[in-house]
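Let's take a walk through this structure together.

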Amino acid sequence: MSLSEQDYRNILQKYEEKRSRALQQRDLRIQEVYSKVPEISRIDQQIESFGIRSMQAYLTSHEDPVQLLKKVRSEVEDLKARRSFLLRLAGYTEEDLQPVYECPYCQDTGFVDGKRCRCFEQQLIDSAYERSHLKHLLQQNNFDHFDLERFSPVQREHEPCSARAQMQTILSAVRQDIRSFPANGPLNYLLTGSTGTGKTFLAGCIAKEILDKGYTVLYLSAYDLVAQLSDRRFHYRESDPSADNIQFMQDCDLLIIDDLGTEAPNKASAADLLHLIDLRIQNGRSTILTTNLELSAISKLYTDRMVSRLLGSYRMLHFVGADLRLSHLQDPVH
Ligand SMILES: [Zn+2]
């Protein structure tokens, strides 16, 4: 689960391939247009050679340079207008002759203003966490597969409402938050409720939406996360590749920590997790925690400080109902 130089080189290589593929396809489309409308090809050649020809004219003619420049500009404008007209006539748009990049932000270079683009960051994360379950999780856990019918409409004893009604409320709140993300600040959720009530499913749905908006997401079970934090503490080396993993935990736009409470933190790892959560709150990064535990149990396992952070900065979403996985086995309709 660490990022090597080879990983980094592979990603850069993929960018080069993607970009040259986009340019090749653009060139093919241009050739197609040229063969259908040869005049466009001639116009492009003329526009291309204008720079050199106007320089030659400038050096050899006695005309006023400003007037000369004006003349050249207007000739280029005329040619461009003619080109547009011919393109439209042949059923093309200007966009058809532009390269189509996978990432419009960095145009498949991986960098924007000298900084790594978000798509690059996500690839680094994917590469470092190849074995994390995010990809697998997102195939099933997304809003396309969300079926409210699976949640029981019957209110159970000691529960405030039915699982379906509760899920409806949660869904509309979450969808609203996603729509206004990131303008309205980070999405910090604590998803609580017993096993199989849909917490990890919803976390996956949110992850997919945030990824689709072009932000980076890292999914880790609490167990893996705490193990990595401890590992880092005990095997700290200056050039440790796991430093990248820790950096991703701190920097990714959305971090999902699944199943808090299944790990057995010691004092040090509890402090590390609190530090991570604090850091992410300070930096306005979004974090989703899922847990079967009540707040009192979290406070025992971690500390009161952890609970107070969660209460202060996280939206509590409580899931109710029976274990969906079991009800699915008992009743194939739901
Ligand atoms: Zn990009």
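First, some ground rules. What you see is a predicted model, in which local features need pLDDT of at least 70 and side-chain atom pairs count only at pLDDT 80 or more, while totals for chains, interfaces and linings use all residues. Residues are numbered from 1 along each chain as its sequence is written. As for the labels, helices (H or I, at least four residues) and strands (E, at least two) are DSSP runs, numbered from the N terminus.

Now find the open sheet: it has 5 strands in the order E4-E5-E6-E3-E7, with parallel pairing. Pairing here has a simple test: DSSP has to find at least two bridges between two strands. Strand E4 (217-221) and strand E7 (315-318) stand at the edges with a single partner strand each, so one side of each is left without a neighbour in the sheet. On average, neighbouring strands of this sheet are turned by 15° against each other, direction ignored. Angles like this one run from 0 to 180 degrees between N-to-C directions, and axes are lines fitted to C-alpha atoms, for helices over the stretch in contact.

Let's zoom in on strand E6, which covers residues 286-291. How many of its residues are buried? The count is 6 of 6, so to speak a mostly covered strand. By "buried" we mean that 20 or more other C-beta atoms lie within 10 Å of a residue's own; 12 or fewer makes it exposed, anything in between partly exposed, and C-beta atoms are placed from the backbone. Both faces of E6 are covered, with Ser-286, Ile-288 and Thr-290 buried on one side and Thr-287, Leu-289 and Thr-291 buried on the other.

E6 has strand E5 (residues 254-260) as a parallel partner, over 5 bridges. Along this pairing, Leu-254 stands opposite Ser-286, and Leu-255 has Thr-287 as its bridge partner. E6 also pairs with strand E3 (residues 188-192), again in the parallel sense and over 5 bridges.

E3 itself is mostly covered, with 5 of its 5 residues buried. Asn-188, Leu-190 and Thr-192 are buried on one side, and Tyr-189 and Leu-191 on the other. E3 also runs parallel to E7, joined to it by 4 bridges. Thr-192 turns up in this pairing too, with His-318 in E7 as its bridge partner.

Next comes the core. A nonpolar core is a set of buried Ala, Val, Leu, Ile, Met, Phe, Trp, Tyr and Cys residues joined through C-beta atoms within 7 Å. The largest one has 51 residues, and those with the most contacts inside it include Leu-191, Leu-254 and Ile-288. Helix H7 (residues 199-212) gives the most to this core, with 7 residues.

On to helix H10 (residues 267-282), which makes a right-handed β-α-β unit with E5 and E6. "Right-handed" means that, with the strands pointing away from the viewer, the path from the first strand over the helix to the second runs clockwise. H10 also packs against helix H12 (residues 304-313), at an angle of about 25° and with their axes 10 Å apart. H10 and H12 are therefore roughly parallel to each other, a term for angles under 35 degrees.

Finally, look at the backbone. Most residues other than glycine have a negative phi, and most peptide bonds are trans. Phe-181 and Pro-182, however, are joined by a cis peptide bond, with omega about 0°. Pro-182 lies in the loop between helix H6 (163-179) and E3.

Two aspartates have a positive phi: Asp-108, near 60°, and Asp-113, about 50°. Are they buried or exposed? Asp-108, in the loop between helix H3 (65-89) and strand E1 (111-112), counts as buried because it has 23 C-beta neighbours inside 10 Å. Asp-113, in the loop between E1 and strand E2 (115-116), has 6 such neighbours and therefore counts as exposed.

Note on methods
Parallel < 35°, antiparallel > 145°, perpendicular 65-115°, else oblique.
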